[in-house]
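Hi there,

Here is the structure I promised to pass on to you. Have a look at it first, and then read my notes below with the viewer still open.

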Protein chains: 2
Amino acid sequence: MGRLSGGDPSLLRRINSAVVLHALRGEPAVSLTELVQTTGLSRPTVEGVIEGLAESGLVVEAPQEPADARKQGRPARRFRFHAEAGHLLGVEIGARQIRALLSDLSGRVLGSLTHDVADALPAEERLERVRGTVAELLRKAGVARSTLWAVGVGSPGIVETDGAVRLSTALPGWTGLPLGERLRRSFRCPVLVENDANAAAVAEHWKGAAVGTDDVVFVLAGLSPGAGSLIGGRLHRGFGGAAGEIGALHLLGREARPERLLSTTGTPLHPLDESAVAEVFALARSGDVQAREAFDRFLQRLVHDVAALVQAIDPELVVIGGWAAGLDGVLEPLRTELARYCLRPPEVALSALGHEAVATGALRLALDHVEEQLFAVARTSLLGR
Amino acid sequence: MGRLSGGDPSLLRRINSAVVLHALRGEPAVSLTELVQTTGLSRPTVEGVIEGLAESGLVVEAPQEPADARKQGRPARRFRFHAEAGHLLGVEIGARQIRALLSDLSGRVLGSLTHDVADALPAEERLERVRGTVAELLRKAGVARSTLWAVGVGSPGIVETDGAVRLSTALPGWTGLPLGERLRRSFRCPVLVENDANAAAVAEHWKGAAVGTDDVVFVLAGLSPGAGSLIGGRLHRGFGGAAGEIGALHLLGREARPERLLSTTGTPLHPLDESAVAEVFALARSGDVQAREAFDRFLQRLVHDVAALVQAIDPELVVIGGWAAGLDGVLEPLRTELARYCLRPPEVALSALGHEAVATGALRLALDHVEEQLFAVARTSLLGR
């Protein structure tokens, strides 16, 4: 105990700054008196901290409220967190599109941009497209690259903690690519790379179908499905970053390859051909027998994959995302089947973020990184020492 | 910060007690001077804490070492944690056996007892057998029931946090049984109930095949398999306590029921008949064709179940437990198959604890509970407030 309050004044300053920023966060404007009350710090300490935060651009004085102006005497100065002091990016690097979201330090989205790309695009050209999309987004939003504090990236495959892609079958040249390192050359801020389904899980928890639910499995349903899980509100990456990589599970059942599952002609569908898939879904709804059979095969596969995840992890909620089109027809049969095969069936919901999920989750990861720097202080635990 | 050191003297006393106990733990004997050095507390504080701990029986004076006696002057008094001040139980309530382990407060096992029971035994009689086994163990060890500090219990099924069995297909009358509440009537100390595979996972991490490995899946391989997982060193129970309940997964594959899998005659094996299973394993090793085919069917099922767990969770290590006999023949083919179907194959090892795993894990859970009371202090986190 003594060490914290006596030994390290810079740590104490950091803690006090974090406490004051925490009290300012989410409030439109707070007076010094209110800060003294909510933080338990002395008035001189609060004044010193506010001064330091204002110098670094993180706090600005808020305009006076009309009510204050009418009062007698000098109105109290009020301060707010200066969320515009910096910016964040959330980027999806997908097989068929590059999507970028720009936000301020509070996570408020200021702009977004999506560009379609060919799924056969080589890695270097794909990276070039990412850089181009980001540059265009920054230019359109009038935001200087130097104000970026962190960049989050979501992409298919197993991603190492340093942002290298260990394995990715969806994007050409992606396996072995030091994606984080490559992108860090374009930005002077931290770049955080995450598996796309993991990022989407984070996004649904932040502002989608899983708000308020801390134990969630997000299934990026597709011809080759992937999944991301939150356990106790925290992303579960797995020991090697491969948690939720369920794409090969069906091979064990000696069943048809997924591209054949949804085919009504016997010719496999293209693994990423969403429009062909949407067509099959629509045909199935209209009563076409072959399409209905294809849909049922797809559903059976999805049930199997989701049931495996549910039985292993036992989440409160499963969120189904991926193809936006036609997925609402999947929900009810999935619920019914899971109730048959899972001892404790979870709730099942559709993604609320759709195509925005991966980029939104990537943005949230960048925001988490910045908030950890701004608001977190060392946690003390006697057990752990 | 100020609140901790100034506001609550009883909390400060508790913290100081925890710090001193922590310093004593695992050491044969520690002097006051050494305690002052390792804890950073003042000598009067350490003396006061030691006095209080001695009064409550948790600390005793250690006998003088011969080396001290030879020195001139009064030898330094030395103290040790009095692990014999209390006792813990770890109990497995299985389909075919009741097993109980007794330990002191350091987790050192003082005795164990196992009784076979019929798998058809009704719930009330099974509970009576548990009480009888524990009474016999305590009597043989010469330990008074009043010295029990905590009891851990491992049993098949989905177990609620209050110790009620939500669902169990293995034991008659188990589903819906308020197992924790019923056992608490027999003990005046906390009773912690856990799923058997979960308990076994904890045991292998404590003193088995998973020592030093924090991301582990333990598979209780049987005709109806279950699994327990540690994620980051902590037991993953799932939102509803059903994580790892993979027994129904194979139904989705429309494959044979597990009792038929290992049968060489077409007549299903009894789900719990270990000796019949061991016989099939032995026959398969000796080259019997039908037994070999049955073994291969069993292996394929096991691979599928384990692959599902691995793909969902991505552990560093999978520990295979359950039937002790014949399982070493499973290990190599399991490794080979997992390498084919998992993007990041884990290490695979056999259980080091065998039949002791569940009771050992139950004991560890009781020990965790007591250690949390003795050594833990409130963790502070500004983020969380």
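**Charges over rings**

In chain B, R364(B) has its charged end over the ring of W206(B), at 5.1 Å from the ring centre. In chain A there is a lysine to look at: K207(A) lies over the face of W206(A), 4.3 Å from the centre of the ring. Please keep in mind as you read that this is a predicted model.

**Chain A as a whole**

To get your bearings, start with the secondary structure: chain A has 13 helices and 15 strands. The chain has 385 residues, and 53% of them count as buried. How much of the contact in chain A joins residues at least 24 apart in sequence? Among contacts between residues at least 6 apart, the share is 63%.

**Two helices that cross**

Two packed helices are described by the angle between their axes and the distance between the axes. On the α8(A) side, the residues in contact include A199(A), A203(A), W206(A) and K207(A). On the α13(A) side, L363(A), R364(A) and L367(A) are among them. Sorted by class, this contact has 11 nonpolar, two polar and four charged residues.

**Aromatic pairs**

How many aromatic pairs does the structure hold over all chains? There are four. A pair of aromatic rings is described by the distance of the centres and the angle of the planes.

In chain A, F281(A) and F298(A) make an edge-to-face pair, with 5.7 Å from centre to centre and 70 degrees between the planes. F281(A) lies in helix α10 (residues 274–285) of chain A and F298(A) in helix α11 (residues 289–313) of chain A, so the pair ties together parts 17 residues apart in sequence. Both F281(A) and F298(A) are buried. Together with F295(A), they form one aromatic cluster.

Now turn to chain B, where the ring centres of F281(B) and F295(B) are 5.1 Å apart and the planes meet at 85 degrees, so this pair is edge-to-face. F281(B) belongs to helix α11 (residues 274–285) of chain B and F295(B) to helix α12 (residues 289–313) of chain B, 14 residues apart. F281(B) is buried, with a relative accessible area of 2%, and F295(B) is buried at 5%.

Is S103(B) buried or exposed? S103(B) is found in strand β5 (residues 97–104) of chain B, and its relative accessible area is 0%, so it is buried. Leaving aside residues up to four places away in sequence, S103(B) touches G86(B), H87(B), L88(B), R108(B), V109(B), L110(B) and L363(B).

For P44(B), go to helix α4 (residues 43–55) of chain B. With a relative accessible area of 60%, P44(B) is exposed. The C-alpha atoms of P44(B) and L32(B) are 9.8 Å apart, and the two residues are 12 residues apart along the chain.

Happy exploring, and do write back with any questions!

Best wishes

Definitions and conventions: Residues are numbered from 1 along each chain as its sequence is written. Chains are lettered from A and ligands numbered from 1 in the order in which they are written. This is a predicted model: local features need pLDDT of at least 70, side-chain atom pairs count only at pLDDT 80 or more; totals for chains, interfaces and linings use all residues. Side-chain values use heavy atoms; hydrogens and water are left out. Contact means heavy atoms within 4.5 Å. Helices (H or I, at least four residues) and strands (E, at least two) are DSSP runs, numbered from the N terminus. Ala, Val, Leu, Ile, Met, Phe, Trp, Tyr, Cys and Pro count as nonpolar, Asp, Glu, Lys and Arg as charged, and the others, Gly among them, as polar. Buried means under 20% relative accessible area, exposed over 50%, partly exposed in between (1.4 Å probe, protein chains only). Rings of Phe, Tyr and Trp (its six-membered ring) pair if their centres lie within 6.5 Å; planes under 30 degrees apart count as stacked, over 60 as edge-to-face and the rest as tilted. A charge sits over a ring if NZ of Lys or CZ of Arg is within 6 Å of the ring centre and within 35 degrees of the ring normal.
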